[in-house]
Amino acid sequence: MEIERKFLLKNDNWKKLVSKSIHIKQGYISTNPLSVVRIRITDSKAFLTLKSKGSGISRPEYEYEIPTQDAEEMYNLFCTESGLVKIRHIVEYKCHKFEIDEFEGRLKGLIFAEVEINSENEKIDFPEWIGEEVTGNPKYFNSNLVKADYSI
C-alpha cells in the first residue's frame with residue numbers, strides 16, 4: 001500500500017539539504033482511470049510498477065526490480081507516450097524523507113515534492129519550502145504528465 005502526499009515548492013532552499021540525487025527515465029505501458037503500469041529506469045536499477053486506484057491518498061502499489069536491459073526493451077516496445085525524464089533529489093527532514101522531482105525536457109521547470117507516510121492521519125513537520133498541496137490534483141499525476149499534449 002502506498003500512502004503519499006505531493007506538494008509544490010515555495011523556493012529552492014531544499015537544494016542545500018539534498019543527500020542524494022538519482023536520474024530517472026520512466027514510461028507507462030498502461031494508463032487508465034483504474035490502474036497504471038510503469039517502467040522506471042534509474043542510474044543503476046530498473047523497476048516494473050503496478051498501481052491501482054485507491055481511496056483518499058492511499059492506493060495499492062506493487063513494485064518489482066527487473067533487469068535494466070529488459071526495462072529498456074519494454075520501455076521502447078510498450079510505452080505508448082513520450083516518457084518522463086527527471087532528477088529525484090532526496091531530502092531528509094525531521095522524521096520524513098521528501099523526494100523532490102525536478103523534471104527535464106518539455107516539463108523543465110516543474111518541481112514538486114512527495115512524502116510517503118505510514119497512515120493518512122500521520123502528522124508531518126513541513127519544512128518552510130513546502131508550498132501548496134497538489135496530492136489529489138490529476139494535473140500533477142505522473143501518468144498524466146507523460147502525455148505528449150500535456151503542458152504545465
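In what order do the elements of the protein chain run from the N terminus on?

1. Basis of the model. This is a predicted model, in which local features need pLDDT of at least 70 and side-chain atom pairs count only at pLDDT 80 or more, while totals for chains, interfaces and linings use all residues. Residues are numbered from 1 along each chain as its sequence is written, and side-chain values use heavy atoms, with hydrogens and water left out.

2. Secondary structure. From the N terminus on, the order is β-β-β-β-β-β-α-β-β-β-β-α. The protein chain thus holds 2 helices and 10 strands, where helices (H or I, at least four residues) and strands (E, at least two) are DSSP runs numbered from the N terminus.

3. Overall dimensions. The radius of gyration of the protein chain, taken over C-alpha atoms, is 15 Å, which agrees with the value near 15 Å for a compact globule of 152 residues. The globule rule is 2.2 Å times the number of residues to the power 0.38. Along the principal axes, the C-alpha trace spans about 40 × 30 × 30 Å.

4. Of the 152 residues in the protein chain, 41% are buried; buried means under 20% relative accessible area, exposed means over 50%, and partly exposed lies in between (1.4 Å probe, protein chains only). The protein chain exposes about 8500 Å², and carbon and sulfur atoms supply 50% of that area. Accessible areas come from the Shrake-Rupley method with a 1.4 Å probe; for residues, only the protein chains shown count as cover. Among contacts (heavy atoms within 4.5 Å) between residues at least 6 apart in sequence, 57% join residues at least 24 apart.

5. Charge. The protein chain carries 22 positive and 25 negative side chains, and the centres of the two sets lie 3 Å apart. Lys and Arg count as positive and Asp and Glu as negative, with His and the chain ends not counted; the place of a charge is NZ of Lys, CZ of Arg, CG of Asp or CD of Glu.

6. Cysteines. A disulfide is scored as a pair of cysteine sulfur atoms within 2.5 Å, and the count comes to 0 disulfides. C79 counts as buried because its relative accessibility is 13%, whereas C95 is exposed, with a relative accessible area of 74%.

7. K94 lies in the loop between β7 (84–93) and β8. The phi of K94 is near 55°, a positive value in a residue other than glycine, and K94 is exposed at 59% relative accessible area. G105 is found in the loop between β8 (96–103) and β9 (111–116); G105 is exposed, with a relative accessible area of 59%.

8. K16, in the loop between β1 (2–9) and β2 (18–31), counts as exposed at 68% relative accessibility. Although K16 and V91 are 75 residues apart along the chain, their C-alpha atoms are separated by 9.1 Å. G56, in the loop between β4 (46–52) and β5 (58–59), is exposed with a relative accessible area of 74%. G56 and G136 are 80 residues apart in sequence and 8.1 Å apart in space, C-alpha to C-alpha.
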